[in-house]
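Here is a short note to read beside the model. Take the points in order and find each residue as you go.

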Amino acid sequence: TTVLMARADMYFLLPMLVWVGLYVLILYIFVPRVRNASIGLYEAQSTMVGRMVDSYTNIMTVKLFSRKEHEDKFVLDALRRHSSQFTDKNRQIFYMIVTLNAVNSFMIGALTILSLWLWRDGALTPGQIAMVIPLAIQVNNQMGWIMWEVTGIFEWLGTVQESMETIARPHGLTDTPAAQPLKIAKGGIEFDHITFHYGKGSGVIEDLSLRILPGQKVGLVGHSGAGKSTLASLLLRFYDLEGGRILIDGQDISKATQESLRAAIAMVTQDTSLMHRSIADNIRYGRPDATMAEVEAAAGKAQAQEFIRELQDDRGGHGYDARVGERGVKLSGGQRQRIAIARIILKNAPILILDEATSALDSEVESYIQQQLAGLMAGKTVIAIAHRLSTIARMDRLIVMERGQIVEDGPHDELVRRNGHYARLWALQSGGFLP
């Protein structure tokens, strides 16, 4: 457009260059402001949604402590901040539009007056005026379109930049390029002078060594925070060690693929989480190719068949076809735990980890499942973590942990005779609370 106008008359060159310069200046000033306002808006939106989800997820706690008004204010503060950020973003866009429209109007008016002045002096023909003014209007329209596109790009860049800080982080725990599938023949486990501090520099586990023979049943005992669950997480390689190594049948797990490692280990956790799928799908998660008969057999061994038959979801699903809700919210804690036990029964892995696996069950069901687990543990290497010592007293070895260290090691009877850490815990749980 500038070239065409310059060919009509060189006088048009100056206002066109000034126009483009002012346009670039407006974008230079306002686009970063819109981008920053967008980042602030989506940070505020994340905070607002997070607070809403937090309140609804913990609605029982809110009701138990009569904190309705507090939660209303808590969410309302985030909503007000979001509204403020939204207003600030729109304000910046408004200022940009007003400034650009003012410049555009002034430059179109200036070109029109210049065209008429040149036509009066005979420097322009009516045909050239008919070309110059529509071109100026077209430039005005294109500048508005480009402004919205550029602003939109940077606005979404602000959003993406805020999101990338969460979703685009590199994986902290990866397989080595030469990682090989883990091959388990016997299931022996060795913790060789391992050290792990959760990146804090000290504490948790310091230079711990432990050897578990193939097929041995080991119970981990100790106060909360002693490092029992951390030891299980390190065996599953949910974290990389800060020192030492962990071997399974002589193979360093850091040099094995994570998929093959976890495929060889079955674990039941204290806080059982289920998929928002059917009961059958959740049990079959332990072995996707299992038949329906095998699924039902596993559920029977986990004492889950009775309540499964009575289940019904809002979509008309019955029994094994009933959906359990997000994280298994439609089931009780004990029911979720039984489904998890059925899942590991079906998986039938050579190494078994039980982290308070029966903590949510009543005594009668727990007794029956313990018998089933005893059969399941036959021929497997087992690590059982429990605060209720009666559930692991029959293990081959009991490892007593304190502050990330092994303080006692031996069978139940021997540890009781030593009258040490384990004996004190056993005395408390076998009647020591009563006068």
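**Notes on the predicted model**

1. Start with Leu25. Leu25 has a relative accessible area of 44%, so it counts as partly exposed. The cut-offs explain the label: buried means under 20%, and exposed means over 50%. This is a predicted model, so keep that in mind throughout.

2. Where does Leu25 lie? Leu25 is part of helix α2, which covers residues 13-57. Leu25 also belongs to a nonpolar surface patch, along with Leu14, Val18, Leu22, Tyr28 and Ile29. Together these residues have about 570 Å² of accessible area.

3. Now take Leu41. Leu41 is in helix α2 too. Is Leu41 buried or exposed? Its relative accessibility is 3%, so Leu41 counts as buried. Thr87 is 46 residues from Leu41 along the chain, yet their C-alpha atoms are separated by 9.2 Å.

4. Check helix α4, residues 68-120. This helix has 53 residues, so at 1.5 Å a residue it should span 78 Å. The C-alpha atoms at its ends are 77 Å apart, which agrees. After α4 comes Gly122, with a positive phi near 80°.

5. Last, find the largest pocket. Its space comes to about 490 Å³. How many residues line the largest pocket? There are 16, and Ile265, Met267, Tyr285, Arg343 and Lys347 lie nearest the centre. Strand β6 (265-268) and helix α11 (333-347) each supply at least two residues of this lining.

Definitions and conventions:
Residues are numbered from 1 along each chain as its sequence is written. This is a predicted model: local features need pLDDT of at least 70, side-chain atom pairs count only at pLDDT 80 or more; totals for chains, interfaces and linings use all residues. Side-chain values use heavy atoms; hydrogens and water are left out. Helices (H or I, at least four residues) and strands (E, at least two) are DSSP runs, numbered from the N terminus. The expected span of a helix is 1.5 Å times one less than its number of residues. Patches are made of residues with over 30% relative accessible area and no salt bridge: like charges are joined within 9 Å, nonpolar side chains (Val, Leu, Ile, Met, Phe, Trp, Tyr) within 5 Å. Accessible areas come from the Shrake-Rupley method with a 1.4 Å probe; for residues, only the protein chains shown count as cover. A salt bridge is a side-chain nitrogen of Lys or Arg within 4 Å of a carboxyl oxygen of Asp or Glu. Buried means under 20% relative accessible area, exposed over 50%, partly exposed in between (1.4 Å probe, protein chains only). On a 1 Å grid over the protein atoms alone, a cavity is a set of points where a 1.4 Å probe fits but cannot get out, and a pocket is an open set with protein on both sides within 12 Å along at least five of seven lines; lining residues have an atom within 4 Å of a point. Grid points are joined across faces, edges and corners, and a volume is the space filled by probe spheres set on the points.
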